[in-house]
Amino acid sequence: MALSPFSRPTKLMSFSSILLLLAMLMPLAKAQSPRETTIVLYLQDLASGPNATVVPITGIQGKPQSFTSFGTIFAVDDIITETPDKVSAQIGRAQGILVASSLSGSNIHVSMSLAFTNVEYNGSSLEIQGISRQFERYKEVSVVSGTGSFRYARGYATLETVFYDNKTSYSIIRCTIRLLPNSQ
C-alpha cells in the first residue's frame, strides 16, 4: 500500500498540536499543585548541668570536647515546644547526634529525628540532616525523610537561636520547617 502524500504532514501536524497543547497545560498543572507546609517549633537546649539535653560523648584524645573542637560528637535529646516559652506545650523530642565536623570549628553536622508526641502528629517523625554553620544567624539543613504523617517528606529547616544564656548554656532554637507535599 502506497503512502499518501498527505500522511506525513498530517502526522507532523498532529505531533505539533500535541506539543502546543502540553505547553499550554504545563502552567495550569503548576498552578494547581499543593503548596508547601510550614511548621514552626522550638528546641529547648541545655548544654550543661545534671539535666543537660546535649552532652559530648567522645572526641579526639587530648583535645577539649566542645562545639568548636573538631571531632567532638554530641548526643541530643531536646524538648520540642510550641512556643519559645520553656513551659509551653511539649510537642515532641529532638533526638540525634551533632558532630563538630570542620577543622576550623565553624560547622556542626546535624543528624536528628524530630519525634512528635502531640495530638496532631503523634507517632510521626521528621529526619533532618546537614551542616549547621554555627556562626551564622540562620542555619539551614535538609529534611530528608519522615514517618507517619510525614512519610516521603522533603524540604528544609532553618535553625535560629532566639535566646542564649551563657551562664547556664541554655538556648532556645526556633526551627522553621518547610515541606513540599509528599509524593505518595
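A residue counts as buried when its relative accessible area is under 20% and as exposed when that area is over 50%. The exercises below apply this and related rules to a predicted model.

**Exercise 1. Describe the overall make-up of the protein, and state what share of its residues is buried.**

Solution. Begin with the secondary structure, which consists of 1 helix and 9 strands. Next, follow the elements along the sequence, where the pattern reads α-β-β-β-β-β-β-β-β-β. Finally, turn to accessibility: the protein has 184 residues, and 32% of them count as buried.

**Exercise 2. Determine which strands pair with strand 3 (73-81), and in what sense they run.**

Solution. Take strand 1 (37-46) to start with; strand 1 and strand 3 run antiparallel and are joined by 3 bridges, and Leu43 stands opposite Ile80 of strand 3. Then consider strand 2, residues 54-58, which also runs antiparallel to strand 3 and is joined to it by 4 bridges; here Pro56 is placed opposite Phe74 in strand 3. Lastly, strand 4, residues 90-100, pairs with strand 3 in the antiparallel sense over 9 bridges, and Ile79 has Arg93 of strand 4 as its bridge partner.

**Exercise 3. Classify the aromatic pair of Phe116 and Phe150, and work out which parts of the chain the pair ties together.**

Solution. A pair of aromatic rings is described by the distance of the centres and the angle of the planes. The model contains 5 aromatic pairs, and in the one formed by Phe116 and Phe150 the centres are 5.5 Å apart with 45° between the planes. Since planes under 30 degrees apart would count as stacked and those over 60 as edge-to-face, the pair of Phe116 and Phe150 is tilted. Now locate the partners: Phe116 belongs to strand 5 (residues 107-116) and Phe150 to the loop between strand 7 and strand 8, so the pair ties together parts that are 34 residues apart in sequence. As for accessibility, Phe116 has a value of 4% and is therefore buried, while Phe150, at 6%, is buried as well.

**Exercise 4. Find the loop residues with a positive phi, taking Tyr152 and Ser169 as the cases, and place each of them.**

Solution. Most residues other than glycine have a negative phi. Against that background, Tyr152 has a phi near 65°, which is positive. Tyr152 sits in the loop between strand 7 (139-147) and strand 8 (155-165), and with a relative accessible area of 52% Tyr152 is exposed, because the cut-off for exposed is over 50%. Ser169, likewise not a glycine, has a positive phi of about 60°, and Ser169 lies in the loop between strand 8 and strand 9 (170-179).

**Exercise 5. Characterise the largest pocket by its volume, its lining and the elements that contribute to it.**

Solution. Start from the volume, which is about 600 Å³. The lining consists of 25 residues, and those nearest the centre of the pocket are Phe67, Gln134, Thr161, Ser171 and Ile173. Sorting the lining by residue class gives 13 nonpolar, 6 polar and 6 charged residues. Among the elements that supply two or more lining residues are strand 5, strand 6 (125-133) and strand 9, whereas the most is given by strand 8, with 4 residues.

Technical notes: Residues numbered from 1 in each chain as written. Predicted model: local features only at pLDDT ≥ 70, side-chain atom pairs only at ≥ 80, totals over all residues. Heavy atoms only, no water. Buried < 20%, exposed > 50% of the residue type's maximum accessible area, 1.4 Å probe, protein only. Phe/Tyr/Trp six-rings, centres within 6.5 Å; stacked < 30°, edge-to-face > 60°. 1 Å grid on protein atoms, 1.4 Å probe; cavity = no way out; pocket = protein on both sides within 12 Å on 5 of 7 lines; lining within 4 Å. Points joined across faces, edges and corners; volume = space filled by probe spheres on them. Nonpolar A, V, L, I, M, F, W, Y, C, P; charged D, E, K, R; others polar. Pairing = 2+ DSSP bridges.
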